[in-house]
Amino acid sequence: MKKKLAVISTACLLILASDPIPSNATPDSSSDVLDQSTDVDTTEDVKAIFDSLYQEGYSLGEEDGYAEKKFEQFDQTTGLDKSSEEFTWFMMGYTVGYKKGQQQKEEELKTEQENEMAAGEEEGYQQGVLDYKHATIQSEIDPFPSKSSDWNKGYVQGYKKAISLMDLSVKAKKEGYDQGLENDSMSVPSMYDDEDVTRQAFTEGFETAQAEVLKQQKKQFEKQGYVQGYHDLSLEVPAEAEGELQTAFEQGYEKGQKQKQKDVKADGYDSAFTYQTYRAPKNLQDKPELEKWYKAGFYSNKDVKPLQQKAYKDGWKLGKEMSVPKKYQQNKAAVAMYKKYFEQGQKKQDKTVSHILLGSGIVLTLVVLITLWRLRRRKNEETTLDS
């Protein structure tokens, strides 16, 4: 018994010390094993025994390798029921299985570590972005006791990566903006093109600048269109005005024409305060469309007669000072007309007063003369009686 165990131990040490044997290793029909005495007569039988012993050893070895404990599955009876050749086959399977179990365990640990680091890195990255946006960047990152060392390591890496990328994205956005002011087509530098964050920041900067340029251009073309429309010129869109710029020019032109019509109509309205009858201005005689608006403004003025009457009455009243109604105080033509009729009222007032005073003077003179005549007559009558 002791001799058997010694043989097993020696065989195990020799096999485990050697290189792993491939799992498809099988005894060759030309090997020395087949030359030795055995109870099996055919090569097929030998191969079947080899496969069985190899697989038995492989299974035990894989379990021990995964647990990283050699011969954990062995006991004092292991190998006693096998010949030296059979035990060698068994140990070949065990050695390969042990290595396989070890490898599987290492791969699982590595995957777990990678997953832990990836999870920590993701959370650290998100926190870094938030801290950057809120200007609360941590110079020293405290570990999370409830997390593994791999997770904490990943968290620190993710946090620092976020800060670095956010710094770079600020620079990228500025450069994108500058490029957008100078060029119509975007070209992202390679240093910003590798990361989504920096590439997006550069793109945002470029698009912001392009929007500002377009806004300014639209404003300029709308102003040009307005001037053209206000001066009643025919619509001529500049060749460089395409797409939205053409639309802006045409909108400006339409606004200019509408404002011109509004101003011409207002001029016609004001002219009614000055002229008693309609007369077309010389500068509109060859522009029938504008002259139509001027005429419409003239006849839309229904305030002329009421204002004339008020001004005349205000001027006729004694002690009444000239006071243009608030509604017309900003209208020069209306103020001029009010003043004209107010003064006419004042003249009428002066003339009436003069007539009244003249009439009153004649009556007073007659009364005085009659009184004097009566006094003289009475005095003469008294003198006659006395004599």
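View 1. Read along the sequence, the protein chain follows the pattern α-α-α-α-α-α-α-α-α-α-α, and its secondary structure comes to 11 helices and 0 strands, where helices (H or I, at least four residues) and strands (E, at least two) are DSSP runs numbered from the N terminus. The model is a predicted one, in which local features need pLDDT of at least 70 and side-chain atom pairs count only at pLDDT 80 or more, while totals for chains, interfaces and linings use all residues. Residues are numbered from 1 along each chain as its sequence is written, and side-chain values use heavy atoms, with hydrogens and water left out. Of the 387 residues in the protein chain, 28% are buried, meaning under 20% relative accessible area, whereas exposed means over 50% and partly exposed lies in between (1.4 Å probe, protein chains only).

View 2. Helix α4 (residues 84–133) holds G97; the helix has 50 residues and reaches 73 Å from its first C-alpha to its last, close to the 74 Å expected at 1.5 Å a residue, the expected span being 1.5 Å times one less than the number of residues. G97 is buried, because its relative accessible area is 0%. Leaving aside residues up to four places away in sequence, G97 touches Y58, G61 and E62, a contact being heavy atoms within 4.5 Å. G97 and Y66 are 31 residues apart in sequence, and their C-alpha atoms are 9.3 Å apart in space.

View 3. E68, placed in the loop between α3 (43–67) and α4, has a phi near 60°, a positive value in a residue other than glycine. A135 lies in the loop between α4 and α5 (149–182) and takes a positive phi of about 55° just after α4. A135 is exposed, because its relative accessible area is 68%.

**View 4. The crossing of helices α7 and α8.** The axes of helix α7 (residues 196–230) and helix α8 (residues 244–274) come within 6 Å and cross at roughly 35°; axes are lines fitted to C-alpha atoms, for helices over the stretch in contact, and angles run from 0 to 180 degrees between N-to-C directions. The crossing of α7 and α8 is right-handed, the near helix being turned clockwise from the far one by less than a right angle. Residues of α7 including L214, F221 and Y230 meet residues of α8, among them L245, F249 and D263.
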